[in-house]
Amino acid sequence: MGHLDVDGRPVEVRPGDTIASAMFRAGVRTFTRSLKYHRRRGLYCLSGDCPNCLVTVDGVPGVRACETPAADGQRVRRKGGWPSVERDVLAVADHLHALLPVGFYSKTFIRPRWAWSLAERAIRSVTGVGRLPTTGPAPEAVPLRHRRVDVLVIGGGVAGLAAAAQAGASGARVLLVEEGRVGGRLAPGPVRDRVATLADEARRAGVEVAEGRTAVGIYEGPLVPVVGGDETLRVEPNRIVVATGAVEEHAVFVGNDLPGVWLGRGAARLAGVHGVRPAERAVVWARTAEALEHVRALREIGTEVVAVCGPAGLLTQLPDGVEPIVDGEVVRAVGRRAVEAVELRTPEGRRRIACDGLVVSLGRSPRDGLLRMAGDEPAVGAGEVVAPGCSLDEAEASGRRAAAGGRPEATSCGRARLGSDGIVCLCEDVGAADLDVAWAEGWRSVEILKRYTTATMGPCQGALCAPALAAFVEGRRRPTAAAAERPTARPPARPVPLAALAAGVDELPERRTGLHDRHLALGARLGRSGAWLRPFRYGDPDEEVRAVREAVGLLDVGTLGRFLIAGPHAGALVDRVLCCRTDDLAPGRSRYALALDPGGYVRDDGLLCALEDGRFLLTSTSGGADAMEAWLRDVADRGGLRVHVVNQTSWLGGVLVAGPQAPTLLARVVERGPDLGSLPPGAHAEAVVAGVACRALRTGFVGGYAVELHHRRAASVALWDALLVAGRDLGARAFGLDALDVLRLERGHPYLGQDTLPDDDPRKLGLGWAVALDKPAFVGRSALVRLWARPLERRLVGVRADGPLARGAPFELDGAVVGRLTSAARSRRLGAWIGLGWLRAVDGAFPERVRVAGVSAAVVPIPFEEAGGG
Amino acid sequence: MWHAGPSFQAEVERAVALKIDCPHCGPRPFTEFDYGGELVLPEDPAATLGAEEDLRRVFVRANVAGVQRERWFHAAGCRRWLTLERDTVRNRVVGAP
Amino acid sequence: MSGLLRRRTFLRPRELRGGYDVVIVGGGVNGLSLAYNLAAHHGIRDVAVLERAYLGAGASGRNTQVVRANYNTPETVPLYARSLELWRTLSQELDFNVQFSTQGELDLCHTADALEVERDKALLNRAFGVATEILTVEEVVRLQPLVDPSGGGELPVLGASYHPPGSFARHDSVVWGYASAATRLGVAIHEELRVVGLDVRDGRCRGVVVEGGRTVEADAVVLAVAGWTSELASTAGLALPITTHPLQAFVTEPYAHVLDGLVSSMDLYVYVSQTARGELLVGAEILPYTTYSTRSTFGFLAEASRRAIQILPFMARARAMRQWAGLCDMTPDSSPILGASELDGLYLMAGMGTWGFKGAPIFGRSMAELVATGRTPALIAPFAPGRFAADRMVPDAASAGTH
C-alpha cells in the first residue's frame, strides 16, 4: 500500500487506513498542538467532529486525518509547535494560564496605542489550522449538477438507510448522501450487520447512495448543496430526512484533552475498523450501555481494560479481569505527553490507576446542526440525531417513520457534564474556568459568552462543545432547567472548500454589439461599459474628436436602449412616463424626453419618436435600457394600460454618423427614402442605406449634424463597412467613448449618473424646458410641483478654466466646499479646459467663480459654444 | 433539543417557498425576478397628489415585519410585473391577491 | 499587560426603574456609543440602554468590521474622517482593546467606469485630508501580490483605489468596550428586555413600553435599533424613509496570516480580509429585496466564493466555516438618519445601512451633544431626518453599497 511522509518520516499504509489510523499505528500520539496553550492533542472522536487530527496534507491545511483515506506518497505535516509538534517551546504558554486569561485580547495591548498592532502581528503568524498555499496552480473548477429528488436522506447509518429504503420502496426518488462510506466507521458487530442489511434493502428499493458527500446546509427552498466526489450537487428535494447521528458527549474534566483520552466510539472505531490498539491499558468511564460494546472491542484488539467506572446497573456484566468501580467518576487524567494515569473519585475515596488510555462514554450529543439550521423547511430528523442513544431497533423504526412522513418524538439528551475545569472547546482552548471568569465579568448570554471566550467558534463550530457551553449557562441561570439553549447553528455544517462552493456560478454577462469584430479589426481598445464591451478609442482620441468636428465620424450606438411601444394605450403610456409633451408629436417627429421617477428625479433620457399608427419608438441610455424596460412595463401595469412594450435593444444595431461631412456621406449611401443629408432637427425617417433598412434619427448629443441609423443587428457590419468606404475621401473614421466624452462635453450634455446626482430633478440640470408641467398627469409631476415651489439650491453648471481641471475635485469658495466637478476635458476647439459639475447656491446666489483643486474656474453657461457644421 | 419543524402535510405549500407563482410562467425560483419594492399607493405612479401625500409616496415605506404587498418583475422570464404578498419575517410568498 | 490579573466586572445586572433621563432602545454599537458619550462627555448618567436580546445581537455583531473614510460626498467624507480619528484612540478611551488595526484598503476596479468613480472619490477625499490614491495595475500587484490582475482571466484589473487608513476593529469588542465603559460611568444596561412601543402622550414621546406592558419614562428616547426602526417608530405613528435589507458574510477556517488589509472589487461586489484570528472574511453587496429574515442563502455563499477566487485565487483552497446574515436599514440616499424626529422627545439613530459600524464613534459623540444640549453639531446637521422633505439628500450609494 505504500507509505505516507509524516513530517519527513515514512509511515506505512495498510488497506482501509485513514491518515489517522496509519499515523497512530506508527506510534504517533501527538497529532497537533492546540491553538492557545500549545497543548498536545491526539486522536479523540474519529468522526470528524473534533479538531484534534487536523493536519496539512500535500500543502492543504485543515484536513481531517480521521476522515481522509491514506494514500501512498501523501505528504502530511502536523501543525503547531515550534520547532516541531513534538518539541514545542511555545508550550510554555500552558504554564502561563494566568497571563492568558479569557478575554485576553480585550484586556491587554491597550496602551500604548501601537501595542496592539505589534501584538496582532505576532498572534496572526501563529494562529489557524495551518498555512494556505498561495502559489502553485489553482485547483480545477468543480462542475455543478442540479438534482431534483423526492426525498433526500443525509446520513448513511441505521436510521438514514431505513428511511431511504422505506421511501424508495414506496416509489419515491431517493438520494442518500453519506460523508464517508456506508458502514465505514463501524466495527464488526450488530450495528454494522444492521447497516449492511439495510443498505441492501435500500439499494434494492432503487435508492441512490452517494458516498464521500457532505451536505453543506439546508437552505430556503429547500436547497441542499452537497459537495464531494469531485462535483457539487444542488439538490432540490421535496423533503429531507436528517440522520446524521450523534457524537459521544464531550466530558469536561481536568486533563480531558490529553492524548490517550478517547470518546468511546473513537476508540472502538480505531480498534474495530482499523485493527489498531488505541491503548495497551485502558480505563473506561461509562454511563451508556454502548460502553460495554466498546469494552468488548478494546479487549478483542488486545487492549487490557483494567477498570470500568460507572453506575452499578451497568457494571454487572463485565468480563473477568475487568474491575468494576461502582459510581466512580474521573476527576483528572494525568500525564506529560499522553495519559499516564487517571484519578477517580469513588464512594470509597480517591484512587489513581495507571493506564495509557481513558475511554469515555457518558452520553451522546446529537449531530443536529443541519436540523437546527433548517428553519421551517420540510426536514425531519431520524435516529440518534433526534433520539441520542436510542437502540438499533428504535433507530430503524425512527427512520421508517420519517420516510413515511411521521414526526419523531422530541427527546432530551440531558445536560452535558461539566467539571470544575478542563477544556470545553478543543478548537479554541477554552476551559471551564474561563467560562467562570467570563461569567463573573458580567457576560451572561450564551451568544456573548461564545463570542467573548470564542468557545464553539473554531473549525468544529461547536460540534462537541456547544452542549457544554449551553449547559454552563443554563446551570448558572436556571439551575433546574434540563435542556439548554445552544448557540445558533449556521451553515456550512462542515467546512467546505470555496472551489466546491463556487461550482457553476456564471461568469459575469458580457454583451457585444454586431460590430465587435470590426472594432477589433480597427485596433480598438475595448472595455466594459456596464455589461457591454465597447470601443474606448481606436487611436488618438483627439484625432477622433477632430474628425467629428471637421469631417465625419462613426460611433457604434448599438448599445442604446430602444423600445417599440404599441397598442391602444401607447400614447397614454409615453405621456405618463415622460415629462415632455407627447400628444402633439406627429409621425416622423421626435423629441428629447426625460423619464422621471415618482420623486421628480431624472432616471433616464432619450428620444421619443412618433411612428405611424399611434406607435412610438423610445430610446434610452445604454446603461439604463434594462431598467427603462422594467419601468415602462411597471407604469403600464400599475396604470392598467393596454400596451405592448417591445425591447428591441438586443436585436437592433445602431451607428451614429456625425460631423460636417455627414450629410455628404449619407447622401451618397441612401438608396431609398428621404435625403438623410438634410434631415431637420427633430425628424426621423425610414430609409434604405447601403442596402440596409434603417430608421434614421436626427440627434444632437455630440453637436453638429448627426444621424443615428438603427437597423437589424445582423446588417451592422454591411452598413458600417459601406459607410467607412463611402466616406474614405471625406475623412470618415470611427470614434470611441473617449472622444464622445469630449464631444458631448463641448455641447454641455451631462452623462446621467456621472454628472448627475440621484436627486437631480430637471430644473437642477437646467432641463426645466424639457418639462411640460401643464400636462395633467405624468410620473414625477406632483413632486416637481412640490420641489419647484422652493428656491433652487443646487444646479449643474459649466466651468471653464485655463489650467487643468481635475474631475472629481470639489468646487471651493473661500475655503468652503460648494460643489464638485463631475466631468472635465481639454477642448482643443475652445482652447480651454471645460467641465461640468454641481454647484450650491451661497446666500441665495450661485457663485460666478470657484476654485477646483487650486485652479480658478469661471462658471459659464452651457453649451459652452454652439458647435458649428450643422 | 431537536428542530420542531412542521409536519409533511404542509409540504405542498412549502414547496413553493421562495418560488414565485408567475401567472404566465408558473412557479419559478425567485432569483429569476427583480424586486420592485413594496406596493406604494396610489397604484398609478402618475396619479397627482398634494405635497404631503406625495412626500409619503416618494419616501415613506411601511417596511413591515410581516406580510407586505410588493411588486416583482419576472426579468428572466416573461418580463411582466406582478403584485404578491410576502411575509418579510419568514421570507415566504404567502399569496397573490 | 498591566491589569491583567486584576478582577474586572464589565457588566452589572441592574433593576429596571420607572424612569430615566434618557432611554436608548437598542444595545448595539450605536446605542452604546451614545450612552457612553452622554455619560462621559455630558455628565448624563441616568441613562438606560434596553436591548431585546444580547448586546450586539443585531447588525453590530454581524457586520464585517471595516472602518474607513473614503466616502464620496462633501458631507460624508468629513463625518467618517472624524469617526476614524476617534477610532484610533478608542481602545485607550474605553480601556478595552477593540482590536483596532490599520492595514489599508485596496479597491480593485475592472471597468473604466469604476476606476473613474474611484478617481473622483480619491480627489474629494484628499480635499478633506483623507488619504486615498489611485494605483496602476503594476502598483496593485506590488502592494498585494496575492491579487490576480487578470480577474480570473475574465475581468482584468485596470487599476485600484488605495485607502491607507482603512482599518478593522473586532465588532464584538467594540460593543463590549462601549458597554463596559458606559457601565463604569453608571449607565444601566438591560439585556433581554424587549421594547414593544413608544409612549406618546400630548404629542410628545414620554418613554417606552416594554414587554409585559410596563412603561419606562424618559425625557429623551433614542431609537438605535437599525433594521427594526420602522417597526418601533410605527408604534408612535411615525413613518420613515427606511427599508430593511439583508447583508451576508462568511468566514473560512482560521489560517496563518496571509492577507493584509481589505481587498475588494468595485465591479464584482466582493471583499475579503483576514481577521486577527486568522479567518478569511468575505462579504458582498447588500441585497435589493427587503426582509427581516437573517437566514443565510447558498446563492450568496456560492457567488461570493466565486468572486473571491476571481480576485484572490489562493482562496480556492480555503474552507468556508460559518456564514451569517444581518439586517441593514437603508435610506433613499444611502446615508444615515441622525437627529431629532418630528415627534418631540424622540431621536433617531437610524438608516445605518452598511456604515453604522464605522460611524458609531462619531454618531454617538454627536448625538450625545444633540440630546444633551439641544444643539445639532455641524458634522451631523446634513443627516437630519427632515432632509428628504427639504430636498437635501446626501446621496452616497457609490461608496456605501458593500463594506
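**Entry 1: two helices in chain A**

I began with a pair of helices, and in this predicted model H5(A) passes H9(A) in a right-handed crossing (the near helix is turned clockwise from the far one by less than a right angle). Helices here are DSSP runs of H or I with at least four residues, strands are E runs of at least two, and both are numbered from the N terminus.

I looked up who touches whom, with contact meaning heavy atoms within 4.5 Å. H5(A) brings A:Pro190, A:Val191, A:Arg194, A:Leu198 and A:Glu201, while H9(A) brings A:Leu392, A:Asp393, A:Glu396 and A:Arg400. I sorted these by class and found four nonpolar, no polar and five charged residues. For the classes, Ala, Val, Leu, Ile, Met, Phe, Trp, Tyr, Cys and Pro are nonpolar, Asp, Glu, Lys and Arg are charged, and the others, Gly among them, are polar.

H5 covers residues 190–204 and H9 covers 392–403; their axes lie 11 Å apart at an angle of about 25°. Axes are lines fitted to C-alpha atoms over the stretch in contact, with angles from 0 to 180 degrees between N-to-C directions. The two helices are therefore roughly parallel (under 35 degrees; over 145 is roughly antiparallel, 65 to 115 roughly perpendicular, the rest oblique).

**Entry 2: a pair in chain C**

Next I turned to H1 (29–42) and H7 (171–184) of chain C, whose axes come within 9 Å and cross at roughly 30°. This crossing is left-handed. H1(C) contributes residues including C:Leu32 and C:Tyr36, and H7(C) residues including C:Val174 and C:Tyr178.

**Entry 3: chain A as a whole**

I found 21 helices and 47 strands in chain A. Its radius of gyration is 38 Å, well over the 29 Å of the globule rule for 870 residues, so chain A is more spread out than a compact globule. The radius is taken over C-alpha atoms, and the rule is 2.2 Å times the number of residues to the power 0.38. I also noted a C-alpha trace spanning about 115 × 70 × 55 Å.

**Entry 4: one alanine**

Beyond residues up to four places away, B:Ala47 touches A:Ser782, B:Pro42 and B:Arg57.

**Housekeeping**

Residues are numbered from 1 along each chain as written, and chains are lettered from A and ligands numbered from 1 in written order. Local features need pLDDT of at least 70 and side-chain atom pairs 80 or more, while totals for chains, interfaces and linings use all residues; side-chain values use heavy atoms, without hydrogens and water.
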